[in-house]
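User: I would like to learn how to read a few features of a protein model. Can we go through them one at a time?

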Amino acid sequence: MANKRIQRLPLEDNLKQRLNSKGLDTCGKVLLTVPDDLIELGFLREEISDIFATVSKAVTPESQTALAMLTDEKRQPLPTSLEQLDSKLGGGLLPGTITEVVGPAGSG
C-alpha cells in the first residue's frame, strides 16, 4: 500500500503535480515527510491536512473484528504442498487457526 502512486488518489490534480515534482510520488514517501518540510516546499497548511488525510486513508486497511475474521466464509485452506497431509487437513491449513501435527518420535 505504501507504494501506491499519488496519481491514483482522489486529490486535486494541482496537488498531485506539485507532490510529484518534489519527488513525493508514492504514499510511503509522503507519509515519511513531516508537515514542516511540505510547508518549506510551498504547500499550505490546509493542503497538507488534505494530503495526509487522503494518503492515510488510502494505505489504511479496512478494520475488521476478530469475529468477522473467524466467520469469514472466504477463508480458503492454505496448501502445504504435501498432498497426503493436505487431504487429511481438508485442503491445507486453515488461516486463523492453530494446527498441531504429531507423529511417532523421530518422524519430524
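Analyst: Start with contact, which means heavy atoms within 4.5 Å. Helices are DSSP runs (H or I, at least four residues), numbered from the N terminus. In this predicted model, local features need pLDDT of at least 70, side-chain atom pairs count only at pLDDT 80 or more, and totals for chains, interfaces and linings use all residues. Residues are numbered from 1 along each chain as its sequence is written, and side-chain values use heavy atoms, with hydrogens and water left out.

User: Which residues of α1 meet α4?

Analyst: Leu15, Arg18 and Leu19 in α1 meet Glu47, Asp50 and Ile51 in α4.

User: At what angle do the axes of α1 and α4 cross?

Analyst: Axes are lines fitted to C-alpha atoms, for helices over the stretch in contact, and angles run from 0 to 180 degrees between N-to-C directions. Here α1 (residues 13-21) and α4 (residues 45-59) have axes that come within 12 Å and cross at roughly 85°. The two helices, α1 and α4, are therefore roughly perpendicular to each other (the range is 65 to 115 degrees).

User: Is Thr33 buried or exposed?

Analyst: Buried means under 20% relative accessible area, exposed over 50%, partly exposed in between (1.4 Å probe, protein chains only). Thr33 has 13%, so Thr33 is buried. Thr33 lies in the loop between α2 (27-31) and α3 (35-40). Not counting residues up to four places away in sequence, Thr33 touches Leu24, Leu38 and Phe52.

User: Where is Asp86, and which residues does Asp86 touch?

Analyst: Asp86 sits in helix α6 (residues 83-88). Leaving out residues up to four places away in sequence, Asp86 touches Pro79, Thr80, Ser81, Gly91 and Gly92.

Key. Angles under 35 degrees count as roughly parallel, over 145 as roughly antiparallel, 65 to 115 as roughly perpendicular and the rest as oblique.
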